[in-house]
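Please keep the sequence and the structure in view while reading.

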Amino acid sequence: MRIGILVLSVGSSGQRKFYNLQEIGLAKALDAYCEKVRVWRLVPHGEDACSEKIAGYKNVTIEFLPSRCIGTNGFMDCSKLDRDLDALICFADTQVTVPMIYRWAKRNKVLFLPYIGVVQSHSTKAMRQKIINALFARNLRVYRKSCCLAKTPDVEAELRKQGISQIIVAPVGLDRTLLKPDYEQYGSEEIKEKYGFQKRDRIILFIGRLTEEKQPLRMVKLFAYIFERDKDFRLLMVGTGEQGDNVAEVIEAYNLGERVRRIERISNSEIWEIYRFSEVFVNLNQQEIFGMAILEAMYYGCKVVAWKAPGPDFIIENGISGWIVENEEQLLCRVLEENEESRSDFMIVNARKRIIRDFTWDSTVQKILLYIREAS
């Protein structure tokens, strides 16, 4: 079997050492079942085109292709795609070139599988959001002719409302090869000191792009209140983005310079360390499509408190494997609570079991391959 994976949104090729890229995790899991797995990832003009094999995987190649784009919407040169594919999994969402890729697949008798995590634009710019949502009607016509891979049940429900009947819920998963299964053998206090914290510090972890939808400014303001209540709390923020300067200003305004630590990036090989010593991971994105960092935190035994959104609602069993909150009062309560239940072995064990059982690429790939075989 020969499978292609196409990512239409444009991102930097340099991310791959610092982020759990979904397309690479999917490709690795497919390797054991396919004679060829080819990934195409679009990168901005100015970056070099390159091709590389994924170490340890005999059949996986990733191609980084410079591309024209509007915002994150990339314009794929279809001549770069392989015509001998049995199926093409396309990370599609609201990308404007989905119809073009579909027509290429149909001409070349390649099974087209759109992989969908969102059905409307999340742009904070009103005009861009309006244009993308209008263009999405073109994608819907394609999706009605295809078997769609939905990342969450919420996406499945939205697609069904749009008259799409052939849908497989195929959740995003963690790449097992990037995990540190023996993390518990490493002392959390020693790692905490490595990152400049004191043993008594209680670490709140925020990981994400510093953009409006991720709510980093709100995180700092909420932390200011938390710190007033308990001086042992510290905030660790990992990420870069357009609101980076604003975050620095808010930290200074609240006089939290000594209490907030910022790190731009942490490599995949070291990310487990910060989950290991952090007490709670907070996700404030009210439009979270999925949440790879949520998966990682749950795997590594870090309590998760996430704002209600499609991704967290799907991943977290509220009160069993983490907490879902709907307002700031609930969030503060879950972060500050000191009862045994909030940090019990019960919740940590449940969270890790849930990730291993339901949210690794191995289980998702089985669903995808079953459909491809039946459709062949």
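How many helices and strands does the protein have? There are 13 helices and 16 strands in the protein. The model is a predicted one, and the values below are computed from it.

**Overall dimensions**

The C-alpha trace spans about 65 × 45 × 40 Å along the principal axes of the protein. The radius of gyration of the protein is 21 Å, which agrees with the value near 21 Å that a compact globule of 376 residues would have. Of the 376 residues, 56% are buried.

Two packed helices are described by the angle between their axes and the distance between the axes. The table gives the geometry of each pair.

| Helix pair | Angle between axes | Distance between axes |
|---|---|---|
| H6 (residues 216-229) and H7 (residues 244-253) | about 15° | 9 Å |
| H6 and H11 (residues 328-336) | roughly 50° | within 11 Å |

The axes of H6 and H7 pack at an angle of about 15°. Because angles under 35 degrees count as roughly parallel, H6 is roughly parallel to H7. The crossing of H6 past H7 is right-handed. On the H6 side, the contact involves Pro 216, Leu 217, Val 220 and Lys 221, which meet Asn 246, Val 247, Val 250 and Ile 251 of H7. By class, the residues of this contact of H6 with H7 comprise six nonpolar, one polar and one charged.

How is H6 oriented relative to H11: roughly parallel or oblique? The axes of H6 and H11 cross at roughly 50°, and H6 is accordingly oblique to H11. The crossing of this pair is right-handed. H6 contributes Arg 218, Leu 222, Tyr 225, Ile 226 and Arg 229 to the contact, while H11 contributes Glu 328, Leu 331, Leu 332, Val 335 and Leu 336. The contact of H6 with H11 contains seven nonpolar residues, no polar residues and three charged residues.

**Loop residues with positive phi**

Most residues other than glycine have a negative phi. Lys 109 has a positive phi of about 55°, although Lys 109 is not a glycine. Lys 109 lies in the loop between helix H2 (98-107) and strand S8 (111-116). Its relative accessible area is 74%, so Lys 109 is exposed.

Gln 215 likewise has a positive phi, near 65°, and is a residue other than glycine. The loop that holds Gln 215 runs between strand S11 (202-207) and H6. With a relative accessible area of 23%, Gln 215 is partly exposed.

**Other loop residues**

Is Ala 49 buried or exposed? Ala 49 counts as exposed because its relative accessibility is 52%, and the cut-off for exposed is over 50%. Ala 49 is placed in the loop between strand S2 (36-44) and strand S3 (50-53). Not counting residues up to four places away in sequence, Ala 49 touches Phe 64 and Pro 66. Ala 49 and Val 60 are eleven residues apart in sequence, and their C-alpha atoms are 17 Å apart in space.

Thr 97 lies in the loop between strand S7 (87-91) and H2. Thr 97 counts as buried, at 4% relative accessibility. Its contacts, not counting residues up to four places away in sequence, are with Leu 8, Gly 74 and Phe 75.

Gly 322 is found in the loop between helix H10 (310-315) and strand S16 (323-325). The relative accessible area of Gly 322 is 0%, so Gly 322 is buried. Which residues does Gly 322 contact, leaving aside its neighbours within four places in sequence? Gly 322 is in contact with Val 304, Ile 316, Glu 317 and Met 347. Gly 322 and Ser 267 are 55 residues apart along the chain, and their C-alpha atoms are separated by 25 Å.

Notes:
Residues numbered from 1 in each chain as written. Predicted model: local features only at pLDDT ≥ 70, side-chain atom pairs only at ≥ 80, totals over all residues. Heavy atoms only, no water. Axes fitted to C-alpha atoms, helices over the stretch in contact; angles between N-to-C directions. Helix = DSSP H or I, 4+ residues; strand = E, 2+ residues; numbered from the N terminus. Parallel < 35°, antiparallel > 145°, perpendicular 65-115°, else oblique. Left-handed = near helix turned anticlockwise from the far one by under 90°. Contact = heavy atoms within 4.5 Å. Nonpolar A, V, L, I, M, F, W, Y, C, P; charged D, E, K, R; others polar. Rg over C-alpha atoms; globule rule 2.2 N^0.38 Å. Buried < 20%, exposed > 50% of the residue type's maximum accessible area, 1.4 Å probe, protein only.
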